[in-house]
Amino acid sequence: MSKFINAFTWNQPPNEEFATLRPAQATMATELMERGTLQYLFLAEDNSGGWAIYNVESRDEVLNILEQFPLRKFMNNNVKPLQNAYSGANSTALRTDFPD
């Protein structure tokens, strides 16, 4: 499994449709977390967007998940792969072999 981050913003202010779809979005996020697919979800304090960490095989898998979200039409998504910044089994040594 690989980890990907989706940094998202809302492309318009919340409206009635957004409010109606938000519970379904929360339900889907909860189901993904229970399956271990969605590891973390953070929302910006100012409600401008957030960050989500996914455990999946590929970026395409994240994109497919995002296409199923009820609030997808309100979201600007930016999906990037993550790599562990620490090396070793105990993750205490900072990596120094980052690509240029």
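Colleague: Before we start on the sheet, what makes two strands a pair?

Modeller: Two strands pair if DSSP finds at least two bridges between them. Keep in mind that this is a predicted model.

Colleague: Happy with that. What makes E1 and E3 a pair, then?

Modeller: E1 and E3 are joined over eight bridges, in the antiparallel sense. The cut-off is at least two bridges, so E1 and E3 count as paired. You can find one spot to look at where Ala7 stands opposite Trp51 in E3.

Colleague: And what is the order of the strands in the open sheet?

Modeller: The four strands of the open sheet run E2-E3-E1-E4, and their pairing is antiparallel. The twist from one strand to the next averages 15 degrees.

Colleague: Why is one side of E2 and of strand E4 (75-82) left without a neighbour in the sheet?

Modeller: Each of these two strands has a single partner strand and stands at an edge, so one side of each has no neighbour in the sheet.

Colleague: Where do the helices lie on these strands?

Modeller: Helix H1 lies across E1, E2 and E4, at about 145 degrees to E2. Helix H2 (residues 59-68) packs on the sheet and touches E1, E3 and E4, with its direction at about 125 degrees to that of E3.

Colleague: How much of the protein chain is buried?

Modeller: Of its 100 residues, 28% count as buried.

Colleague: Now the largest pocket. How much space does it hold, and which residues are closest to its centre?

Modeller: The largest pocket holds about 300 Å³ of space. Its lining has 18 residues, and the closest to the centre are Trp10, Arg22, Gln25, Leu41 and Leu43. Two or more lining residues come from each of strand E1 (2-10), helix H1 (16-35), strand E2 (38-43) and strand E3 (49-56). H1 gives the most, with five residues.

Colleague: How do the lining residues divide into nonpolar, polar and charged?

Modeller: There are 14 nonpolar residues, three polar and one charged in the lining of the largest pocket.

Colleague: Finally, how do the elements of the whole chain run?

Modeller: From the N terminus on, the elements run β-α-β-β-α-β-β-β, with two helices and six strands in the protein chain.

How values were computed. Residues numbered from 1 in each chain as written. Predicted model: local features only at pLDDT ≥ 70, side-chain atom pairs only at ≥ 80, totals over all residues. Heavy atoms only, no water. 1 Å grid on protein atoms, 1.4 Å probe; cavity = no way out; pocket = protein on both sides within 12 Å on 5 of 7 lines; lining within 4 Å. Points joined across faces, edges and corners; volume = space filled by probe spheres on them. Nonpolar A, V, L, I, M, F, W, Y, C, P; charged D, E, K, R; others polar. Axes fitted to C-alpha atoms, helices over the stretch in contact; angles between N-to-C directions. Contact = heavy atoms within 4.5 Å. Buried < 20%, exposed > 50% of the residue type's maximum accessible area, 1.4 Å probe, protein only.
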